[in-house]
Amino acid sequence: FIISSIIFLEQELGRFTVAIRSTEGLGLSLRDLSGSLIERFRKYVELVGNMPLLISTSLWEDIRGALEIRNCLVHNSGRLEGFNRAPLIDSFAGRHNTPHIEDRWMRVNRDTSIKLLEVIESFVRAMYESSFVRYPKRKK
């Protein structure tokens with residue numbers, strides 16, 4: 001469930017940047033930037049697309065943590081030892097009491113899935129609210 005939720009997020013980030021690219025007539029794409037997906041997304045929207053994102057620092061930290069929980073599950077079988085971005089997961093777990101970490105292994109459960117969904121929902125909602133500020137409806 002966690003992996004599917006992150007796939008949804010990744011697709012939504014891509015669609016959002018494609019919409020900005022099309023609306024603004026930009027030549028540069030998200031793939032042209034360097035960094036993690038979330039870093040590239042932020043650079044693209046805020047710097048290339050000139051759209052301030054109305055996303056709090058804590059929500060940025062949470063979305064990064066959510067992405068790294070998925071990455072650790074997929075690329076390191078949930079083992080935090082030897083995983084470069086383990087501090088992001090530790091921080092997420094400290095704020096939300098999930099995932100449970102025991103002997104540097106993540107234990108994900110229903111609570112982890114629900115928390116990640118809440119974080120993703122909040123992030124996507126804030127992302128689109130930012131676009132409504134940047135592109136308000138035009139009066140007829």
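Here are some notes on this structure, which is a predicted model.

1. Overall layout. The protein has five helices and two strands. The C-alpha trace spans about 60 × 30 × 25 Å along its principal axes.

2. Burial and surface. Of the 140 residues, 40% count as buried. The accessible surface comes to about 8300 Å², and carbon and sulfur atoms account for 50% of that. If you take contacts between residues at least 6 apart in sequence, 59% of them join residues at least 24 apart. On the charge side, there are 21 positive and 17 negative charges, and their mean positions sit 8 Å apart.

3. The core. Which residues have the most contacts inside the largest nonpolar core? They are Leu-9, Ile-38, Phe-41, Trp-60, Ile-63 and Phe-123, in a core of 35 residues. Helix 1, helix 2, helix 3, helix 4 (86–96) and helix 5 each put in at least two residues. As background, nonpolar side chains in soluble globular proteins tend to be buried together.

4. Aromatic pairs, starting with Phe-41. Searching the whole structure turns up four aromatic pairs. One of them is Phe-41 with Phe-123, a tilted pair at 6.1 Å centre to centre with 55 degrees between the planes. This pair links distant parts of the chain, since Phe-41 is in helix 2 (residues 37–48) and Phe-123 is in helix 5 (residues 110–134), 82 residues apart. Phe-41 counts as buried because its relative accessibility is 0%, and Phe-123 is buried as well, with a relative accessible area of 0%.

5. Trp-60 against Phe-123. Trp-60 belongs to helix 3 (residues 57–76) and Phe-123 to helix 5, so the pair ties together parts 63 residues apart in sequence.

6. What surrounds Trp-60. Is Trp-60 buried or exposed? Trp-60 is buried, because its relative accessible area is 5%. Setting aside neighbours within four places in sequence, Trp-60 contacts Ile-38, Phe-41, Arg-42, Leu-53, Ile-55 and Phe-123. Taking the rings together, Phe-16, Phe-41, Trp-60, Phe-123 and Tyr-128 make up one aromatic cluster.

7. Glu-12, in helix 1, counts as buried because its relative accessibility is 11%, under the 20% cut-off. Beyond residues up to four places away, Glu-12 touches Val-124, Met-127 and Tyr-128. Ser-29 is in the loop between helix 1 (2–24) and helix 2, and at 15% relative accessibility Ser-29 also counts as buried. With residues up to four places away left out, Ser-29 touches Arg-21 and Tyr-44.

8. Glu-121 and Leu-9. Glu-121 is placed in helix 5 and counts as partly exposed, at 45% relative accessibility. How far apart in space are Glu-121 and Leu-9? Their C-alpha atoms are 9.0 Å apart, while in sequence the two are separated by 112 residues.

9. Backbone points to check by eye. Most residues other than glycine have a negative phi, and most peptide bonds are trans. Where is the cis peptide bond? It runs from Thr-98 to Pro-99, with omega near 0 degrees, and Pro-99 lies in the loop between helix 4 and strand 1 (100–102).

10. Positive phi outside glycine. Ser-77 has a positive phi of about 55 degrees; Ser-77 is in the loop between helix 3 and helix 4 and counts as exposed at 57% relative accessibility. Arg-104 has a positive phi too, of about 65 degrees. Arg-104 is in the loop between strand 1 and strand 2 (105–107), and at 29% relative accessibility Arg-104 counts as partly exposed.

Note on methods:
Residues are numbered from 1 along each chain as its sequence is written. This is a predicted model: local features need pLDDT of at least 70, side-chain atom pairs count only at pLDDT 80 or more; totals for chains, interfaces and linings use all residues. Side-chain values use heavy atoms; hydrogens and water are left out. Helices (H or I, at least four residues) and strands (E, at least two) are DSSP runs, numbered from the N terminus. Buried means under 20% relative accessible area, exposed over 50%, partly exposed in between (1.4 Å probe, protein chains only). Contact means heavy atoms within 4.5 Å. Accessible areas come from the Shrake-Rupley method with a 1.4 Å probe; for residues, only the protein chains shown count as cover. Lys and Arg count as positive and Asp and Glu as negative; His and the chain ends are not counted. The place of a charge is taken as NZ of Lys, CZ of Arg, CG of Asp or CD of Glu. Rings of Phe, Tyr and Trp (its six-membered ring) pair if their centres lie within 6.5 Å; planes under 30 degrees apart count as stacked, over 60 as edge-to-face and the rest as tilted. A nonpolar core is a set of buried Ala, Val, Leu, Ile, Met, Phe, Trp, Tyr and Cys residues joined through side-chain atoms within 4.5 Å.
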